[in-house]
Amino acid sequence: MEIVIVGHGLAGAILAQNFIKKGVSVCVLEGNKPHAASKVSAGLINPLIGPKLNIPDDFADCMEENLAFFPEIEKASGETFLEPIELFRVFTSLVQQKKWESLSSPYQVSYLSDGESKALGVDCPFGLGKTSAWILNTEKFLEYSRFVLRSKGFYIEKPFEPEDWTGKPVIFCEGFRVTQNPWFQFLPFAPAQGEVLTIQSSLKYNLSNGTWHLCNPLSGTAKIGSSWKHERLEDGPDEDAKSQIIHKLGFIPNIQNQKIMKHSCGVRSGTRDRHPILGRHPEHPNYYIFNGFGSRGCTTLVKSAHEFIRFFLDDIPLPLSKNLMRFAQK
Ligand SMILES: Cc1cc2nc3c(=O)[nH]c(=O)nc-3n(C[C@H](O)[C@H](O)[C@H](O)COP(=O)(O)OP(=O)(O)OC[C@H]3O[C@@H](n4cnc5c(N)ncnc54)[C@H](O)[C@@H]3O)c2cc1C
C-alpha cells in the first residue's frame, strides 16, 4: 500500500518517518507554500506553559515518546535533533513565584532570587525558576527527513492535485493551509500568525516569561519571539510585532539596541478547542487529516503520529480529544 502524505512540515515529516519505520511506503508531496509554521518554529519544548505555569497532562507521555523516537533517528543520521537545555522561567508576579514554590515537578531544577538573576545579567524582581526543557532543531530534522525520503524516491515537490492520486489513501498535513482544503475546511481551525527575530546577543541563557530568548552562544545570536495575531495571516513580518516582542523581553538590559539579523513569521495551525484534529473524513474514506498542532507541535507530534498510525493500520480508536469525529458527532 502506498500512502500519500500532503505537506512536509513537522507533522508530515514525523508521520512519514514513523510510517517508514513500520515498513509502509509513503509518497510525500510538498508544495513549498509560504508562511509554513515549521520553517520558523523555535523548537522549544517547555514543560511549564502559560502564565499559570501549567504542566500539560500529556507532557511526560509525550516526552517519553520523543526521547525514544529522536535518539533512534539521530543514531541513524549521526546528527543531533533534540537537545536538553536549561530554561529560566522569568516570573512576572508574586503569584507566579508562589505557584512555582507550590509545584512539585521533575522539571523544576532551582529557584533564583532577584539578586541571583542580576548576577546572570537580567533584571527579574520576582526571580527565576530554572527548568529542564528541550529544543528540537526543526530545520535540521526536516532537512534529514527530506534526505531520507528523497533517497527512497518517496518525496515529490509539488502541491496535491486530487486527480493524480485517485484511489490512494491521502493524509493531509497542510498546517494552516487546511483552511483552503475543500474536504476539511469545515473543521474549527483557529490559525495564528507568529513572528521570530534573530538578534545579536551575548547573553548565554535561555529565558522565557511567555516570550522567549533562546541563545546560540556559538554564533553570539539569539532567537526571540514570538507574537500572536489571528488576522492578516499572510501579510508578512510587521513592525508592531517586533516592538511587542522586544518590549516583553524588557528584563534583558539593552535588548532594544541589539542588532536584528533576521525577522521572520509563520502561521500556527491552532484549533478552537486547542487539541489537534486527527482522523478519517466522514464521507470520503480515502481522505485523512493530521493537523492542528498549534504552538506545541514539537512536544506533541511524535505521540500523535503513533496514535494516528495505530488508528490507520490497526483500527485502534484515536483518543476522543483528538478525533475529528468529536465535531462530526455534534
Ligand atoms: C513563530 C512560531 C514559533 C513557533 N515556535 C514553536 C516552539 O517553540 N515550539 C513548538 O512546539 N512549536 C512551535 N511552533 C509551532 C510549530 O511550528 C507547529 O506546531 C508545527 O510546525 C506544525 O507543523 P505542520 O507540519 O502541521 O505545519 P506547517 O509547518 O505549516 O507545514 C505544512 C506544510 O504543508 C505544505 N502544504 C500545505 N498545503 C499543501 C498542498 N496542498 N500540497 C502540498 N503541500 C502543502 C506547506 O508547504 C508546509 O510545508 C511555532 C510556530 C510559529 C509560527
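1. Basis. The model is predicted: local features need pLDDT of at least 70, side-chain atom pairs count only at pLDDT 80 or more, and totals for chains, interfaces and linings use all residues. Residues are numbered from 1 along each chain as its sequence is written.

2. Domains. The protein chain is assigned domain 1 (2-43 + 137-188 + 272-328) and domain 2 (192-268). These bounds come from an automatic or database domain assignment. The C-alpha centres of the two domains are 28 Å apart. Domain 1 puts 10 residues into the contact and domain 2 puts in 12 residues; contact needs C-beta atoms, placed from the backbone, within 7 Å. On the domain 1 side, 6 of these residues are nonpolar, 3 polar and 1 charged. Here Ala, Val, Leu, Ile, Met, Phe, Trp, Tyr, Cys and Pro count as nonpolar, Asp, Glu, Lys and Arg as charged, and the others, Gly among them, as polar.

3. Ligand. Where does the ligand lie? It lies between domain 1 and domain 2, because both give residues to its shell. There are 43 residues around the ligand, and Gly7, Gly9, Gly31, Gly175 and Gly297 come nearest. A residue belongs here if its C-beta atom, placed from the backbone, lies within 6 Å. The shell holds 17 nonpolar, 20 polar and 6 charged residues. Helices (H or I, at least four residues) and strands (E, at least two) are DSSP runs, numbered from the N terminus.

4. An open sheet of 6 strands runs in the order 7-2-1-8-15-14, with mixed pairing. Pairing requires at least two DSSP bridges. Strand 1 (residues 2-6) and strand 8 (residues 170-172) are parallel, over 3 bridges. In this pair, Val6 stands opposite Phe172.

5. Backbone. Most residues other than glycine have a negative phi, and most peptide bonds are trans. Gly225 and Ser226 are joined by a cis peptide bond, with omega about -10°. Ser226 sits in the loop between strand 12 (221-225) and helix 6 (239-248).

6. Positive phi. His35 has a phi of about 70°, and Leu53 has one near 55°. His35 is partly exposed, because it has 19 C-beta neighbours inside 10 Å. Leu53 is buried, with 21 other C-beta atoms within 10 Å. Buried means 20 or more such atoms, exposed 12 or fewer, and partly exposed in between, with C-beta atoms placed from the backbone.

How values were computed
Two residues are in contact if their C-beta atoms, placed from the backbone, lie within 7 Å.
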